[in-house]
Amino acid sequence: MNGETKLNKHSQLTEIADNQIKISFFPQKTDIIELIEKNQPEEKKLYDLLFSYHYVSLLKDYDQLLSLANTKIEKYWHQIETVKKVLKYFHGRVLLCDEVGLGKTIEAGLLIKEYALRGLAKKILILAPASLVFQWKDEMLSKFDLEFATSEQSDVKKSPLFQFPLIIASISYAKSKNNFEKFTGENFDLVVVDEAHHLKNTSTLNWKLVNSIKKKFIFLLTATPVQNNLIELFNLLTLLKPGILKTEKDFKLKYVDNDDPKKPKNAEMLRELLREVMIRNTRALVDINLPTRFAQTFVVEPLPAERALYLELSAILKASNLDRLTLSVCLRQASSSFPALAGLLQKLIEEKKIDHSAAALLDKIKAVVVNQKDKKLLELIKKNNDKKIVFVHFLKTLEHLKLLFEKEKISFVAFSSLLSEEEKEEAILSFKDTAEILLSTESGGEGRNLQFCNTLINYDLPWNPMQIEQRIGRIHRIGQERNVFIFNLCLKDSIEDQLLKILESKINMFELVIGEIGSILGNLKTETEFSDIILSLWLESSDLNELNEKFDNLGDELARAKEDYLEVKKLDQELFSDNYET
Amino acid sequence: MIYKNISQYVQQLSEFLGGYVETQVDSLMEVVFPDGLAQQLNINEYYKFYFEPRPLMEENSLVLNYNSSLLEQLGVSLKEKTIFSQTAVSSLYLKKARLEELFKKRLNFINSTYKIIEIKPSTCSYLILNYKYTAVSEERKDGLTSVAINEHNLFLVNNLYDEFEALFIDETNAALEVETLLPPSPLKVVFSMVSMAIEKILKEELADFQKSLNYRLEKDIKRLSDYFNAIIKEIDKKIAKKKTNNENFDKELSRLDFTEKELERKIIDQKTRYQINVNFKPFSALRVIIPVVALKTLLRCKKKSREINFVWNPIIKDLENPCCKKCFSPVANLFLDEESLDILCPACRG
């Protein structure tokens, strides 16, 4: 027999791996049948206690989780296994490095809930980049029923932050000169650090802050623990378990290639050590094969009157002394729909916060009946009978479209935060059964199964790409079996038009995996929230050409941030592969 | 009810052990244990239990959480205990209208005719068996699971443990109404059915565990195969070079043979390592008597006939499917054995 034949034989051997692992059952000896036959039942109270005893025993060994019954979110098995492992084997100190989009926040939320319910953690601190503080607050409340106080809240400003047991703070706030000692002076039971790769360098205040905070348990969350070299990993692990990798000098000597600081030596030994502190679930493990996503943007040419109104509004707003938040709302409302803008404009005129010339503008706005975006929307809806979700940001826009759909006799159901839980449930059922359109605002619909629908229309667009991604995530998620179609509507030369151009042409946003946009934005060299950057661009531009130019520059920065992200992602995939899965 | 809340559980357990319990606020409980018990378990007689972390602790005070060793000490007498208990649910809504219509829609009699003789409220006994299991493979998983079965017709009430539990709020200790009770099947038969069902239930519960292990096994086998493939390729190259030298040629061939066998052996080792063995044991049983609607029906096959009670269950709010006499699976398309008139499923009828 020659070697080749033998190789063929060998390839058959590996097929054994395709078989499922067998389960064998071994019933243990029991006297339960005799007890039942004797028919001398004991008190039900004792029966309850015995069941509770076994249940509590499982809780002790972390084979049963309390948080599962106390959260109303879709949970996946890899998340549950991760939580159990962190409790059971990692003793509350772990580096959670799941690949993007697998739900690190859900894992952290379940863990926080579990520690709280078990009485293991009462005082909890979440440190996140400034741009993610509100998202964390919102997710902890809506998904885990945990009300965190943040440094940004007005009620917190009245009373000391540390009076609250559950706190979310931005790292920049916590490390500031005024706050560093306050944070490091507190005793926390649990500290969670999101985007923990910002702690890669021991000489930074970020690292020093987390190192100095007194804590029993700590979870570090990042999809990309190593960005430039393996010392970053050493620095992160030293926060988790000081000494696990000995000194930096020892670590370099033992585990880092002399010629390439990104390359490990003694890889197997390092892997064994890392397995004690790190979990990294991959998409291959979770077996996520989402269908393809197709996106198309319709840039609608506004009527001359619409364009004139838009320009006039821009001029009035620029000349005003309105605060940034009001300015941003006005601009986004104007792009969403004129009826959305009318209410706020009226209020600003009444409060004399805006030039009196706005009154004439308001009259003109009120006179607009149908706009060009509405026409395009109707065209899209009437193209086929498939179910579609139409997303709007503002309730007034929702009302405007309700009237339009009623007039056009389109079968729809409206969904917004104004509905009670029961009404929301009914609305989703009605959309599933009969209605063609779900007309929805973003809030309140998370976690509901909408995978029976595969078409989404963004009637307006949030300025924060992560919110756009959240909208997409409502239908492009596990359980979706058909290709997903996303249609974006925007007015030509509007801020949203500029935004979509760079999101599509510079980073292909609509083809990214869910979660990746967050990592890309995290690579921008600013801590300012993305929507705030957009507003600044608008404020700093004197005309459309200048705005175009500024958006182009932002697009280039985004492209660079994406390149950085992809490079780091590749490095981490090579370094960690699938060796740290649950 | 299950005492899922730690303070409720500690209270019930302490009282069961003869302790005197006083709860002042949610997070504080004072307990005095009988002197003898305290000595026997090597614990204090008096405790102040807290259920949340506290910075300062007074004498005899203890923060209890699910990991506290004291909980284990207190529960030691329950560890190996097996219990049978019984209860009844008195009032449940019973469907009266359109039952015949439902019956016609849900059941299909293939080789027999039927006639509903009487529809009347009855009672029926259900046995809930609670199991503790341990699955051991490359890692270990412990869990609890339950099976609920109608003792009269052997219908398995899937995943309804919680619903049963919720009903116990209305439980009564009133005497069981034996006159209206549909006769239970022999316990042996009930247990044959439960034995079959429990393995299926456990398989479902362990599906994710199995999936995760499968994934790891495949990864391990791939790693092994890659490694041994590389060696095999090296040997192949050597064989190609040394074709002329017979002695070395044979040596390499036998090395090749050995390497293949080694791989085969290592793969078998891996598969053995990942094999899942599940030990399981019932630790308690609860018989629940609940009101049901019985549909007394005459079944006729050729010239023979028999009466059978079909059951409308107020908990699942549906008609329970009868079970196949041979394989115990629930049947919607019913065959009758022409000799015994036992109900058979299409597969067992052949």
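A: Let me start with a definition: two strands pair if DSSP finds at least two bridges between them, and strands (E, at least two residues) and helices (H or I, at least four residues) are DSSP runs, numbered from the N terminus. Please keep in mind that this is a predicted model, in which local features need pLDDT of at least 70, side-chain atom pairs count only at pLDDT 80 or more, and totals for chains, interfaces and linings use all residues. Residues are numbered from 1 along each chain as its sequence is written, chains are lettered from A and ligands numbered from 1 in the order in which they are written, and side-chain values use heavy atoms, with hydrogens and water left out.

Q: Fine. What is the order of the open sheet of three strands in chain B?
A: The order is β6-β13-β14 of chain B, and the pairing is mixed.

Q: Which strands stand at the edges there?
A: Those are β6 (108-109) and β14 (343-344) of chain B, and because each has a single partner strand, one side of each is left without a neighbour in the sheet. The pairing of β13(B) with β14(B) is antiparallel over two bridges, and within it L336(B) has I343(B) as its bridge partner.

Q: Switching to chain A, are the faces of β10(A) buried or exposed?
A: Both faces of strand β10 (residues 388-391) of chain A are covered, with K388(A) and V390(A) buried on one side and I389(A) and F391(A) buried on the other. Buried here means under 20% relative accessible area, exposed means over 50%, and partly exposed lies in between (1.4 Å probe, protein chains only).

Q: OK, now the two chains. How many residues does each put into the contact?
A: Chain B gives 88 residues and chain A gives 72 residues, where contact means heavy atoms within 4.5 Å. The area buried between the chains is about 7700 Å², with 63% of it from carbon and sulfur atoms; buried area is the accessible area (1.4 Å probe) that two parts lose on being put together, summed over both.

Q: How many salt bridges are there between them?
A: There are two between chain B and chain A, a salt bridge being a side-chain nitrogen of Lys or Arg within 4 Å of a carboxyl oxygen of Asp or Glu. K60(A) and E72(B) form a salt bridge, at 3.3 Å from N to O. On the side of chain B that touches chain A, the largest share, 17 residues, comes from helix α7 (residues 207-241) of chain B.

Q: Where do strands pair between the chains?
A: Strand β1 (residues 23-27) of chain A pairs in the parallel sense with strand β10 (residues 276-301) of chain B over five bridges, and S24(A) stands opposite N277(B) in that pairing.

Q: Last topic: which residues have a positive phi without being glycine?
A: Among them are K409(A), with a phi of about 55°, and F328(B), with a phi near 65°. In general, most residues other than glycine have a negative phi.

Q: Are those two buried or exposed?
A: K409(A), in the loop between α20 (395-407) and β11 (412-415) of chain A, counts as exposed at 74% relative accessibility. F328(B), in the loop between β12 (318-319) and β13 (333-336) of chain B, is buried, with a relative accessible area of 14%.
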